[in-house]
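The points follow the structure that comes next.

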Amino acid sequence: MAYLAPSILAADLLDLKEEVLLVEQNGADFIHVDVMDGHYVPNIAFGPEIVHALSRVTKLPIDVHLMMVEPHKHIINFANAGSSIITVHQEVCDHLDRVIRHIKENGCRAGVSINPATPVDSLSHILSIVDLVLIMTVNPGFGGQEFISYSIEKIQKLAKTKSDNNYNFLIEVDGGIYIDNVASILKAGAEVIVTGSGIFKQKNIAEACSKFKAILNGK
Ligand code: DX5
Ligand code: ZN
């Protein structure tokens with residue numbers, strides 16, 4: 001079984017409450033929130049206020065993906081706002097070990113993310129202490145991009161390292177994931193599937209969500 005994490009980046013923001021409740025009722029396991037600073041990535045999106053607002057609406061854990069420079073400056077705010085998981089990018093953290101510990105000290109599960117061009121090996125020393133590893137399967141910044149096919153090798157490599165060492169982190173993947181390519185991504189070893197367009201841009205959000213969930217449940 002894998003977990004489903006719909007990304008609200010693709011939701012209709014004026015109907016956010018209804019759409020979040022709809023995915024909650026149709027099999028979502030986490031609500032994925034993309035935070036973009038217009039500097040590390042060329043787009044701007046969301047802050048702690050939206051996390052706080054969501055935490056009052058949904059019972060699901062809020063999975064916060066920080067695509068920003070100097071994420072350590074904002075961990076306490078995102079933790080206090082109601083985040084369950086906070087993920088930072090390896091590429092921007094000069095002191096990754098310190099940031100991961102800081103996230104945990106503030107009561108959240110700690111994740112680390114790598115971009116398509118960043119090797120899985122760059123994480124080897126941190127894998128024993130993280131709760132989640134997010135492999136970006138598009139270049140971060142926008143929804144609706146195409147899945148980068150060489151990501152499959154990276155997921156496989158991480159899954160093998162996880163099982164060889166009995167690590168506990170979850171393997172999350174994010175970007176360009178739809179009903180028609182999710183099976184091969186799961187087969188490679190993904191355990192948390194983030195999808196924005198694959199759910200919120202579909203005509204029938206409830207149906208898209210439950211179809212995804214059925215595939216993730218192996219049905
Ligand atoms: C991309 C974000 C994703 C994005 C995925 O920078 O991290 O979470 O919302 O969107 P889709 O599923 O549309 O590729
Ligand atoms: Zn994301």
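1. E24 is buried, since its relative accessible area is 18%; buried means under 20% relative accessible area, exposed over 50%, and partly exposed in between (1.4 Å probe, protein chains only). E24 belongs to helix α1, residues 16–25. Helices (H or I, at least four residues) and strands (E, at least two) are DSSP runs, numbered from the N terminus. The E24 side chain also reaches the backbone nitrogen of K59, at 3.5 Å. A polar contact here is a pair of N or O atoms within 3.5 Å; within protein, one must be able to donate a hydrogen and the other to accept it, and residues adjacent in sequence count only if both atoms are side-chain atoms.

2. On the basis of the values: this is a predicted model, in which local features need pLDDT of at least 70 and side-chain atom pairs count only at pLDDT 80 or more, while totals for chains, interfaces and linings use all residues. Residues are numbered from 1 along each chain as its sequence is written, chains are lettered from A and ligands numbered from 1 in the order in which they are written, and side-chain values use heavy atoms, with hydrogens and water left out.

3. What surrounds ligand 1? The shell holds 20 residues, and the closest are D34, G141, D174, G196 and S197. A residue is near a molecule or strand if one of its heavy atoms lies within 4 Å of it. By class, the shell has seven nonpolar, 11 polar and two charged residues. Ala, Val, Leu, Ile, Met, Phe, Trp, Tyr, Cys and Pro count as nonpolar, Asp, Glu, Lys and Arg as charged, and the others, Gly among them, as polar.

4. Three strands, β2 (31–37), β4 (62–67) and β9 (192–195), each supply at least two residues of the shell around ligand 1. The largest share, three residues, comes from β2.

5. A polar side-chain atom of D34 lies 2.6 Å from an oxygen atom of ligand 1. For D174, an N or O atom of the side chain is 2.7 Å from a ligand 1 oxygen atom. Taken alone, ligand 1 exposes 380 Å², and the protein buries 100% of that. Accessible areas come from the Shrake-Rupley method with a 1.4 Å probe; for residues, only the protein chains shown count as cover.

6. The space taken by ligand 1 is the largest cavity. On a 1 Å grid over the protein atoms alone, a cavity is a set of points where a 1.4 Å probe fits but cannot get out. A molecule sits in a cavity if more than half of its atoms lie within 2 Å of its grid points.

7. Backbone angles deserve a look at two places. Most residues other than glycine have a negative phi. F46, not a glycine, has a positive phi of about 60°. F46 lies in the loop between β3 (44–45) and α2 (48–57) and is partly exposed, at a relative accessible area of 22%. N166, also not a glycine, has a positive phi of about 55°. The loop that holds N166 runs between α5 (151–165) and β8 (170–174), and N166 is exposed, with a relative accessible area of 67%.

8. I177 lies in the loop between β8 and α6 (182–188). Is I177 buried or exposed? I177 counts as buried, because its relative accessibility is 2%.

9. P61, in the loop between α2 and β4, has a relative accessible area of 22%. Its C-alpha atom is separated by 15 Å from that of N106, 45 residues apart along the chain. G82, in the loop between α3 (75–80) and β5 (85–89), has 32% relative accessibility.

10. K201 lies in the loop between α7 (197–200) and α8 (205–216). K201 counts as exposed, because its relative accessibility is 56%. K201 and V173 are 28 residues apart in sequence, and their C-alpha atoms are 19 Å apart in space.

Terms used: On a 1 Å grid over the protein atoms alone, a cavity is a set of points where a 1.4 Å probe fits but cannot get out, and a pocket is an open set with protein on both sides within 12 Å along at least five of seven lines; lining residues have an atom within 4 Å of a point.
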